[in-house]
Amino acid sequence: MHPKNLHNTPYQFKKLIEVHISLAPFVHTNEFGNSTIDFFNPNAVLELNKALLKLHYNVTNWSIPENYLCAPIPGRADYIHHIADILNKVNINTPVKGLDIGVGANCIYPILGSQIYNWKMVGSDINEVAVASAKQNVTANTNLVDAIEIRHQKDNANIFAGIIKSNEKFDFTMCNPPFHSSEKEAKKGTQRKLKNLGKQASELELNFGGMANELWCNGGEALFLKRLIKESVLFKDQVTVFTSLVSKSNNLPKLQKQLTKLKASYFIVPMEQGNKKSRILAWKFND
């Protein structure tokens with residue numbers, strides 16, 4: 001993880017329970033004598049997230065609708081810290097304004113960006129339930145109201161258009177795109193993960209949340225990112241640096257080729273959390 005990520009050390013379950021007692025029933029001692037939870041239990045992960053947000057990020061009221069993606073906070077915080085490094089690399093100082101494409105019901109990236117670095121954040125999503133939930137998570141916490149704005153993308157043909165206002169400027173955009181091309185592919189990927197972890201396929205629906213727009217889209221990650229890059233050209237004078245997570249490394253060559261063709265400068269930032277490897281693709285058009 002990023003060296004500034006406070007989740008580099010084991011979870012402080014005693015302190016987490018002190019601030020959020022609802023976590024207590026899910027905490028147990030494992031075979032190594034360490035406190036932990038069952039990370040395949042969505043209720044346990046939900047309560048852990050609530051506790052983490054209370055203890056470390058001063059967010060006391062947070063939740064998500066049933067079956068929506070319960071994002072693991074440590075990995076999300078990593079992206080935020082790497083964004084801060086990218087901003088430093090391109091000489092952007094405070095105040096900072098960022099846009100999260102596909103904010104989701106959890107609103108995690110805007111929350112972390114505002115609470116860790118005091119950034120002003122806008123989050124957009126095409127799903128109306130996700131937008132309503134994200135707005136609720138903002139309005140339920142007075143310290144977030146002036147820092148975060150949630151916008152609804154009403155046209156699924158657009159990504160930035162209809163969200164970035166005329167003459168509006170952003171220092172960065174970020175995105176954690178859907179990486180599967182269909183529901184069938186998403187379920188196969190989850191079944192493969194479960195098998196590798198020694199879990200039963202019957203646990204699929206119980207342990208992995210996420211709605212369609214969160215987990216898959218036509219063409220999968222590669223096509224979505226091609227669209228993202230293509231449309232970013234239209235907003236090159238309003239955004240300093242565009243970024244996105246790229247979960248599949250074999251998608252990079254075509255994306256790099258596209259960026260070169262569009263005369264964008266780009267760089268890749270590796271990310272690693274435990275056994276999970278990913279990377280951030282960052283690009284810009286103006287010096």
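Is the crossing of helix 10 and helix 11 left-handed or right-handed? Load the model and let's find out.

Before you click: this is a predicted model, where local features need pLDDT of at least 70 and side-chain atom pairs count only at pLDDT 80 or more, while totals for chains, interfaces and linings use all residues. Residues are numbered from 1 along each chain as its sequence is written, and side-chain values use heavy atoms, with hydrogens and water left out.

**Stop 1: the helix pair.** Select 220-232 (helix 10) and 252-261 (helix 11); their axes sit 10 Å apart at an angle of about 15 degrees. Helices here are DSSP runs of H or I with at least four residues, strands are E runs of at least two, and both are numbered from the N terminus. Axes are lines fitted to C-alpha atoms, for helices over the stretch in contact, and angles run from 0 to 180 degrees between N-to-C directions. Helix 10 and helix 11 are therefore roughly parallel (angles under 35 degrees count as such). The crossing is right-handed, meaning that the near helix is turned clockwise from the far one by less than a right angle. Show side chains for Ala222, Leu225, Lys226, Ile229 and Lys230 on helix 10, and Lys254, Leu255, Gln258 and Leu259 on helix 11: these make the contact (heavy atoms within 4.5 Å).

Stop 2: Switch to cartoon and pick out 7 strands in the order 5-4-3-6-7-9-8, an open sheet with mixed pairing. Two strands pair if DSSP finds at least two bridges between them. At the edges, strand 5 (148-152) and strand 8 (265-273) each pair on one side only.

Next, select 97-101 (strand 3) and strand 4: 5 bridges join them, and they run parallel. Glycine 98 stands opposite methionine 121 of strand 4. Helix 5 (128-139) lies across strand 4 and strand 5, running at about 165 degrees to strand 5.

Now go to strand 7 and strand 9 (276-284), which run antiparallel and are joined by 5 bridges. Look for valine 246 opposite arginine 279.

**Stop 3: two single residues.** Click serine 247, in the loop between strand 7 and helix 11. The C-alpha atoms of serine 247 and serine 278 are separated by 5.1 Å, though the residues are 31 apart along the chain.

Finish at histidine 2, in the segment before helix 1 (13-19). Leaving aside residues up to four places away in sequence, histidine 2 touches Asn8, Asp78, His81, His82 and Asp85. Its relative accessibility is 4%, so histidine 2 counts as buried.

Terms used: Angles under 35 degrees count as roughly parallel, over 145 as roughly antiparallel, 65 to 115 as roughly perpendicular and the rest as oblique. Buried means under 20% relative accessible area, exposed over 50%, partly exposed in between (1.4 Å probe, protein chains only).
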